[in-house]
Amino acid sequence: MDFNVKKLASDAGVFFSRAMQFTEEKLGQAEKTELDAHFENLLARADSTKNWTEKILRQTEVLLQPNPSARVEEFLYEKLDRKVPSRVTNGELLAQYMTEAANDFGPGTPYGKTLIKVGETQRRLGAAERDFIHSASINFLTPLRNFLEGDWRTISKERRILQNCRLDLDACKARLKKAKAAEAKAAAVPDFQETRPRNYILSASASAAEHELRLTQTEFDRQAEVTRLLLEGISSTHVNHLRCLHEFVESQTNYYAQCYQYMLDLQKQLGSSKGEIFSGTFVGNAESSSPPPAATSPPAVGAATLPAVPTIPVVPTIVGVPNTVAESVLNPNEVKPPASGTRKARVLYDYEAADSSELALLADEMITVYSLPGMDPDWLIGERGNQKGKVPVTYLELLS
């Protein structure tokens, strides 16, 4: 390899002279060319933009990928310019485990059926999370990285060049000042034996310092203008990041809306099957072929939940002939609450009545409920003031 020793020595000399100049400025032993207030504001604004962009970028990465090991792995793949391998989300992994557990326990059992339903919802949540991460990475993280790795590096490079130009300018000012002082001193105390040669040399030295100062000043002004234009471009960067932020918020909104809808659907599915699983807790077995005698029959409602009401004989249903007794009993507008057997219940979720026979519910309100013979075990009669209607058991928390 061919080294230019003279150039290497010259560059080293310039580096040490600039380092000395910078140190003297910090110690207050040398004058420093100050930039105008507008330029200083641009520098402060650029530094603030860079610092906050880094913090927002890092914390967004933590939000999208909480696992630090996974973030390090993705960083290494990016630096190696290789495609990041597809990674299973936590929701998808949970869905896989639930499906396997359901197959092991029996997909036809109540627990197995529920595991399959919940697992499918978790899979959909994991897929929605994957789409959100991909969208946020492209529309938000990539522009922030491009600014830090592109525009900011260019700004930093030009600022370093401007700093070197300023140091050279201040060094030229110091040399010119020193040459002028030496020339003035020589003029004040002339040497009659060597006056003309010495004064000529000092004057030539001052002229050379002035010429060098003009060149350095021109270079400094040119570099200051280049740097100023780059710093003023920070406003365009803010506009671009604002647009990206709107896209990030939109992606996050769509993601949470999807998750809410998936969980709402799952809640309805589980609510419809919850009565089948826990119906024995609230109502007796409604599938008995023939009821025992009234004197020895157990109450229609479990003792730990709702006390029994007087038993009304069940009239067999004939095809094509309406069961008038059951219809009259189950019509909430015509039945009266039993003297004993009512309970208080707290509503767990909002419920919209499907027809006039049902009672609309609001979450956390208190109502009075009771059961009637011949009713669907998933339903109770609910009363709120003068309002009365059927209410689903799964939407209630029965109180003792």
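Is Trp152 buried or exposed at 10% relative accessibility? In this predicted model, Trp152 counts as buried, because 10% lies under the 20% cut-off for relative accessible area.

Let's look at where Trp152 sits. The residue is found in helix H5, which covers residues 110–188. Setting aside neighbours within four places in sequence, Trp152 is in contact with Ala46, Asp47, Lys50, Phe147 and Arg159. Its C-alpha atom is also separated by 9.3 Å from that of Leu230, a residue 78 places away along the chain.

Now for the protein as a whole. There are 8 helices and 5 strands, and from the N terminus on the order is α-α-α-α-α-α-α-α-β-β-β-β-β. Some overall values are handy to have side by side:

| Property of the protein | Value |
|---|---|
| Buried residues, as a share of the 400 residues | 30% |
| Contacts joining residues at least 24 apart, among those between residues at least 6 apart in sequence | 68% |
| Accessible surface | about 25900 Å² |
| Share of the accessible surface belonging to carbon and sulfur atoms | 58% |

Helix H3 is another place worth a visit. At its start, a side-chain oxygen of Asn67 reaches to within 3.0 Å of the backbone nitrogen of Ser69. The helix has 12 residues, 68–79, and at 1.5 Å a residue it should span 16 Å; the end C-alpha atoms are 17 Å apart, which agrees. Just after H3, Asp81 takes a positive phi of about 55°.

Definitions and conventions
Residues numbered from 1 in each chain as written. Predicted model: local features only at pLDDT ≥ 70, side-chain atom pairs only at ≥ 80, totals over all residues. Heavy atoms only, no water. Helix = DSSP H or I, 4+ residues; strand = E, 2+ residues; numbered from the N terminus. Expected span 1.5 Å × (residues − 1). Polar contact = N/O pair within 3.5 Å; in protein donor to acceptor, adjacent residues only side chain to side chain. Buried < 20%, exposed > 50% of the residue type's maximum accessible area, 1.4 Å probe, protein only. Contact = heavy atoms within 4.5 Å. Areas by Shrake-Rupley, 256 points an atom, 1.4 Å probe, with all protein chains shown as cover.
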